[in-house]
Amino acid sequence: MSAVPVYLWRLAPEGLATRRQLRAAGLRPGGQPVVGELQRPRFRRGPLVAYLYRVDLAVPVRPMTPAQRRALDRANAARRTCPACHRDAGYVIPVSLGMCVPCAYPDTELAA
């Protein structure tokens, strides 16, 4: 395996992008190999690493199918449904509580 060039944070050349940058532009790597590595130094820890891909070889993101959309909607609804009262809380239930806020703190009146 050949080594890829390593660039410091914010010093990657034009035409290279991380997966997140490609996704923000509506693109994906599309099977191309990694052409570089971006490293961001951290205090007293190893550097954060992101792989770089060529933008000109990136392909458009595949559109979500109706079945995928339904599955995502169901998963998000499950994250909003309180297991104690079985109501849609209107927000994602905090993992730290495990239930909606009114069920977690029943004695506390919420100021409206």
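## Asp56 and Arg54

Asp56 counts as exposed, at 55% relative accessibility. Buried means under 20% relative accessible area, exposed over 50%, and partly exposed in between, with a 1.4 Å probe and protein chains only. Arg54 is partly exposed, with a relative accessible area of 34%. Asp56 and Arg54 form a salt bridge, and their closest N and O atoms are 2.7 Å apart. A salt bridge is a side-chain nitrogen of Lys or Arg within 4 Å of a carboxyl oxygen of Asp or Glu. Side chains of opposite charge can pair when their charged atoms come close.

## Basis of the model

This is a predicted model, in which local features need pLDDT of at least 70 and side-chain atom pairs count only at pLDDT 80 or more, while totals for chains, interfaces and linings use all residues. Residues are numbered from 1 along each chain as its sequence is written, and side-chain values use heavy atoms, leaving out hydrogens and water.

## The other salt bridge residues

The whole structure holds 2 salt bridges. Arg80 forms one with Asp88, where the closest N and O atoms are 3.4 Å apart. Arg80 is partly exposed at 27% relative accessibility. Asp88 is also partly exposed, with a relative accessible area of 49%.

## A positive patch

Arg10, Arg40, Arg42 and Arg45 gather in a patch of positive charge on the surface. Patches are made of residues with over 30% relative accessible area and no salt bridge; like charges are joined within 9 Å, and nonpolar side chains (Val, Leu, Ile, Met, Phe, Trp, Tyr) within 5 Å. Lys and Arg count as positive and Asp and Glu as negative, while His and the chain ends are not counted. The place of a charge is taken as NZ of Lys, CZ of Arg, CG of Asp or CD of Glu. Accessible areas come from the Shrake-Rupley method with a 1.4 Å probe, and for residues only the protein chains shown count as cover.

Arg40 lies in strand β4, residues 36–42. Helices (H or I, at least four residues) and strands (E, at least two) are DSSP runs, numbered from the N terminus. Arg40 is partly exposed, with a relative accessible area of 38%.

Thr18 sits in the loop between β2 (16–17) and α1 (19–24). Thr18 is buried, because its relative accessible area is 12%. Not counting residues up to four places away in sequence, Thr18 touches Leu38, Ala50, Tyr51 and Leu52. Contact means heavy atoms within 4.5 Å.

Pro60 is in strand β6, residues 59–60, and counts as exposed at 56% relative accessibility. Leaving aside neighbours within four places in sequence, Pro60 is in contact with Gly26, Leu27 and Arg28. The C-alpha atoms of Pro60 and Gly30 are separated by 8.3 Å, with the two residues 30 apart along the chain.
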